[in-house]
Amino acid sequence: MKIALLGYGKMGRFIEDLALAAGDEIVLRVDEANRASVRPQDLAAADVAIEFSRPEAAVGNIDLALAAGVPIVVGTTGWLAQLPQVSERVKAAEGALFWASNFSVGVNVFFAAARRTAELLNPYGTYQVSIEETHHLQKLDAPSGTAITLAETVAAALDAYAGWELSEVKSSVPQTQITAPASPATPVPIVSVREDAVPGTHHLSFDSTVDRLELRHTAHSRAGFAEGALAAARWLVGRRGVFSMPDLLNL
Ligand SMILES: NC(=O)c1ccc[n+]([C@@H]2O[C@H](COP(=O)([O-])OP(=O)(O)OC[C@H]3O[C@@H](n4cnc5c(N)ncnc54)[C@H](O)[C@@H]3O)[C@@H](O)[C@H]2O)c1
Ligand SMILES: O=C(O)C1=N[C@H](C(=O)O)CCC1
């Protein structure tokens, strides 16, 4: 597979190492330094683009891949409020987009377990839901894309909740705080913690006066994200439309 890497930081380089080890070829690397000079024809040699850049760069990179007619896998977070409009553009252009707030198999099974747990607790109506996510200090956006997906997944299964809110940021460095859409009911509160060198930890809690039920996912490294993004890229080549991890994993 010939890959264009749009974003060549921690994730782009990790994906490059895995791809080369698997016999794939990297035909283009785009980062902050050369991004302004990249044109759609520069992607022509690629079977697929893999995008891990910055929240404000993702949509421009999707439009670049669409203009080039190259399928794109997007892992960047912090732009997903624009997904509905972007999806319309992808469908109108008969392009291919695979997006995920988290590409690891474990987190996507965690989402499914969280949904089922919320469905089972919903009739009792007495559980307070909360989420805490912890990431490294270089992370730019809060809350994490994973925490937002988790909150939306749980809220959709609970009558007492709708949407999410960023209730607290515990960080020594500034974060771009993502604004939650207005919620018609109680939003799921998310606490974002930034600590040195944490690849990504998500903790979901259902708390009542009589007990607490907790689910936690801890990434040991970025390997799960990178392996999932490469698997998504292989799966996407030859398809058209907008896809995410449930399509790949049959969840
Ligand atoms: N979905 C997932 O599974 C997953 C996993 C890890 C990280 N992420 C997300 O991926 C993104 C990147 O993470 P990272 O740890 O690699 O960040 P990073 O800061 O290490 O790398 C970002 C790279 O993007 C480049 N860049 C900046 N503007 C660009 C542009 N306009 N076009 C192309 N490249 C540009 C930078 O030069 C840098 O090389 C973040 O949004 C992060 O939250 C998602
Ligand atoms: O390192 C990051 O940044 C990560 N971002 C994603 C998110 O915001 O959920 C996935 C986990 C790692």
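Biologist: What makes strand E1 and strand E3 a parallel pair?

Modeller: Two strands pair if DSSP finds at least two bridges between them. Ala4 stands opposite Ala49 in E3. This is a predicted model, in which local features need pLDDT of at least 70 and side-chain atom pairs count only at pLDDT 80 or more, while totals for chains, interfaces and linings use all residues. Residues are numbered from 1 along each chain as its sequence is written, and chains are lettered from A and ligands numbered from 1 in the order in which they are written.

Biologist: How do you know which strands are the edge strands of the open sheet of six strands?

Modeller: The order is E2-E1-E3-E4-E5-E13, with parallel pairing. Strand E2 (25-30) and strand E13 (241-243) each pair on one side only, and they are the edge strands. Strands and helices here are DSSP runs, of at least two residues for strands (E) and at least four for helices (H or I), numbered from the N terminus.

Biologist: What makes helix H1 a helix that lies across E1, E2 and E3?

Modeller: The criterion is contact, that is, C-beta atoms, placed from the backbone, within 7 Å. Helix H1 (residues 10-21) lies across these strands and runs at about 170° to E1. Such angles run from 0 to 180 degrees between N-to-C directions, with axes fitted to C-alpha atoms, for helices over the stretch in contact. Helix H2 (residues 58-68) lies across E1, E3, E4 and E5, at about 170° to E4.

Biologist: Why is the set that includes Ala49 and Val73 called a nonpolar core?

Modeller: The term denotes buried Ala, Val, Leu, Ile, Met, Phe, Trp, Tyr and Cys residues joined through C-beta atoms within 7 Å. The largest such core has 43 residues, and Ala49, Ile50, Val73 and Ala229 have the most contacts inside it. H6 gives the most to this core, with seven residues. Ala49 touches Ala4, Leu6, Leu43, Ala65, Val70 and Ile72, residues up to four places away in sequence not being counted.

Biologist: Why does Arg39 count as exposed?

Modeller: A residue is exposed if 12 or fewer other C-beta atoms, placed from the backbone, lie within 10 Å of its own, buried if 20 or more do, and partly exposed in between. Arg39 has 10 C-beta neighbours inside 10 Å and therefore counts as exposed. Arg39 is found in the loop between E2 and E3.

Biologist: Why does Gly69 count as partly exposed?

Modeller: Gly69 has 13 C-beta neighbours inside 10 Å and therefore counts as partly exposed. Gly69 lies in the loop between H2 and E4.

Biologist: Why do E8 and E12 stand at the edges of their sheet?

Modeller: This open sheet has five strands in the order E8-E10-E6-E11-E12, with mixed pairing. Strand E8 (161-170) and strand E12 (212-218) each have a single partner strand, so one side of each is left without a neighbour in the sheet.

Biologist: What makes E11 and E12 a pair?

Modeller: Strand E11 (residues 201-207) and E12 share seven bridges in the antiparallel sense. One position is Phe206, whose bridge partner in E12 is Leu213. Helix H4 (residues 105-121) lies across E11 and E12, at about 170° to E12.

Definitions and conventions. Contact = placed C-beta atoms within 7 Å.
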